[in-house]
Amino acid sequence: MNQTAPRPPPQPAPATRQRFLAEFFDAFDRRTFLLVIGVLLIQAGFVLSYVGAFHDPSPHRVPIAVLAPAQISGHLVSELNAIHGQPLYATAVADQTIGRTLLRHGSTSGLLIINPAASTDGLLVAGGGGAATATAVQDVIARTEAAQHRHVTVTDAVPAQPGDARGLSGFYLVVGWLVGGYLVAALLGIATRPRPATTRRAIIRLIVLVPYAIFSGLAGAIIVGPVLGALTGHLVAISALGALIVYCAAVVTMGFQVLLGTLGVGLTLILFVVLGNPSAGGAYPPPLLPAFWRAISPALPNGAGVQALRHIVYFGSYGITGNLIVIAAYIVTAITVAITGTSLLARRAATGQPAAAVL
């Protein structure tokens, strides 16, 4: 019986291979390659920023007030400020009323009350300002007292609301507002075009974002307040802050899109997600973060928003002016960039010059 050798599989025709390669390079061109590399860098930056911020939290110059007899007050304050690593920034207060006022205003994270007639002192903390900070202050003071063979009793003078576990509800609310803001701006860019065709179109888009921001702020306040009972009270103030935060994220995204087109969304992610969220003071407030994240926290909308929200809920809105100025500055700058950039691009287009020439 004759056996024939198996036939080799048919080879694709050279023309077929050439068509496949041509289609491959057409689908995965230089621009696509750069986009993939950009996503990879953002992903690596995300990991670096979050792990870098959270892997080793330690207190740094956390403000506390010290109430002690005049003859030992100065020495005690100096000792607390001289602790290795400078976990505390202690200042003396003249009486308990002043110390409690500072604590209620969020100007200090603790009030240490020295009782020279006994071996037990008192420590008041503000858990509503961040459970991690209150715990850090308690731990440092407990070690210091133990070294002097003394004890300390801790009282949470500004506790978090029952539905606000570890004071994180405000952080997640701000994150939700920011996500809504930059997503709506990005989707508007996809639905129409990243760069508005005319200055009038840019202004219309900026106006359209206003009611979205207002309803988003109100929706968030209702969810965390009446619906979930996480942050009760202050509905109007929380809604107004939410509207500002949402509008800030939206117009900043739009400004980046005017500058860079679709690539502008990547800058938005870097600003709000890679840099903003880890430094905002969620799990660990800024005094517990490494130097870089601690420094940028108050300068970004995330950190300014979380700080303002906590002070609205727990500290009588005291000291939020600076936070609101930061958010407003981003809004004004982004609107200026969006309108001016669109105007310049429209002029370039009218003269037949490429849009990239304006960048």
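**Ground rules.** I number residues from 1 along each chain as its sequence is written, and side-chain values use heavy atoms, with hydrogens and water left out. In this predicted model, local features need pLDDT of at least 70 and side-chain atom pairs count only at pLDDT 80 or more, while totals for chains, interfaces and linings use all residues.

**Whole protein.** I looked up the secondary structure and found twelve helices and five strands (DSSP runs numbered from the N terminus, helices being H or I with at least four residues, strands E with at least two). I then checked burial: 40% of the 359 residues count as buried (under 20% relative accessible area; exposed is over 50%, partly exposed in between, with a 1.4 Å probe and protein chains only). Among contacts (heavy atoms within 4.5 Å) between residues at least 6 apart in sequence, 73% join residues at least 24 apart.

**Salt bridges.** I searched for salt bridges (a side-chain nitrogen of Lys or Arg within 4 Å of a carboxyl oxygen of Asp or Glu) and the structure holds two. In one, Asp121 pairs with Arg150, with the closest N and O atoms 2.6 Å apart. Asp121 lies in strand E4 (residues 120-125) and Arg150 in the loop between helix H5 (131-147) and strand E5 (151-156), so this pair links distant parts of the chain, 29 residues apart. Glu145 also meets Arg150 in a salt bridge, at 4.0 Å from N to O.

Asp121 is buried at 2% relative accessible area, and Glu145 is buried at 7%. Arg150 is partly exposed at 21%.
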